[in-house]
Amino acid sequence: MPLRAPVTQSSCLCVPSDISAVPSARREVVAITRAWGLPLSEDEVGTLESPAGEVIAKAVVHTPHGCRVTVSWDGARVRLEAEDEKAGPLPERVATDIDIDAENGRGLRLVDSLALAWGSHPSTTGGKTVWFEVGSCRLSH
C-alpha cells in the first residue's frame, strides 16, 4: 500500500500591536488546532499555548505594526510563526543560567523548554520571524 502524504493545514491571523491582544491570540491559536481535529493529546495542544503567548507578545511589544501569526500542521508537528516588521537582531538561544528575576530572556527560555524546536530568520517584510514547533505524534501510514 502506498504511503499517503500528510494533509497539511495552515491558518493566519493578524495581532495588533497591543499587549492586551496577546491572550486572545494565544487562545485563538489553540482553538485553530483543536478545530483541525489533529491527532495530538490535550497535553500537546496545551503545550502550544504558553510558547505562543511568549512569541506573540515579543512580536507585538517590539513593533508598532503588530504581527502576523501563521499556524500550520505538517502531519506530525504544529508550527507557529510570528512575523513582525521591525528590523533588528534575531533572537538567539538563551543561557540556561539566566537570572529568573531578570527583565529579559525568560520568555525564550520557556519556548526553548516547551518546544521541540524553535528558531528565527529574517522575514520578507524586512523584520523577523520567530517560530517554534510542538507535537510528537508520528505520521500514520
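Modeller: Start at V29. Setting aside neighbours within four places in sequence, V29 is in contact with L13, L48, A52, I56, V69, V71 and L80. Contact here means heavy atoms within 4.5 Å. A caution before going on: this is a predicted model, in which local features need pLDDT of at least 70, side-chain atom pairs count only at pLDDT 80 or more, and totals for chains, interfaces and linings use all residues. Residues are numbered from 1 along each chain as its sequence is written, and side-chain values use heavy atoms, with hydrogens and water left out.

V29 belongs to the largest nonpolar core, which has 33 residues. The members that touch the most others are V15, V29, I56, V69, V78, L80 and F132. A nonpolar core is a set of buried Ala, Val, Leu, Ile, Met, Phe, Trp, Tyr and Cys residues joined through side-chain atoms within 4.5 Å. Two or more residues each come from β1, α1, α2, β2, β3, α3 (106-114) and β5. Helix α2 gives the largest share, 8 residues. In soluble globular proteins, nonpolar side chains tend to be buried together. Buried means under 20% relative accessible area, exposed over 50%, and partly exposed in between, with a 1.4 Å probe and protein chains only. Buried residues make up 40% of the 141 residues in this chain.

The chain holds 3 helices and 5 strands. Both are DSSP runs, numbered from the N terminus: helices are H or I with at least four residues, strands are E with at least two. From the N terminus on, the order is β-α-α-β-β-α-β-β. Among contacts with a separation of 6 or more, 64% link residues 24 or more positions apart.

The strands form an open sheet of 5, ordered β1-β2-β3-β5-β4, with antiparallel pairing. β1 (9-15) and β4 (117-122) stand at the edges with a single partner strand each, so one side of each has no neighbour in the sheet. From one strand to the next, the twist averages 15°. Two strands pair if DSSP finds at least two bridges between them. β4 and β5 pair antiparallel over 6 bridges, and A117 has E133 in β5 as its bridge partner.

Two helices lie against this sheet. Helix α1 (residues 22-35) packs on it, touching β1, β2 and β3, and its direction makes about 165° with that of β1. Helix α2 (residues 42-61) lies across β1, β2, β3 and β5, running at about 170° to β5. Axes are lines fitted to C-alpha atoms, for helices over the stretch in contact, and angles run from 0 to 180 degrees between N-to-C directions.

Strand β3 (residues 78-84) is mostly covered, with 5 of its 7 residues buried. On one side, β2 (residues 67-73) pairs with β3 in the antiparallel sense over 6 bridges. There V69, the V29 contact, stands opposite A82. The β2-β3 hairpin has 4 residues between the strands, and G75 takes a positive phi near 105°. A76 lies in that loop between β2 and β3. A76 counts as buried because its relative accessibility is 18%. The C-alpha atoms of A76 and T8 are 9.5 Å apart, though 68 residues separate them along the chain.

β3 also pairs with β5 (residues 128-134), antiparallel, through 7 bridges. The bridge partner of A82 in β5 is V130. A charge meets a ring here as well: the charged end of R79 sits over the ring of W131, 4.0 Å from its centre. That rule asks for NZ of Lys or CZ of Arg within 6 Å of the ring centre and within 35 degrees of the ring normal.

Beyond four places in sequence, the contacts of K128 include A82, D84, P89, H121 and P122. T129 is also in β5 and, at 4% relative accessibility, counts as buried. T129 touches E81, A82, E83, G119, S120, H121 and S123, not counting residues up to four places away in sequence. Its C-alpha atom lies 6.5 Å from that of D84, 45 residues apart along the chain.
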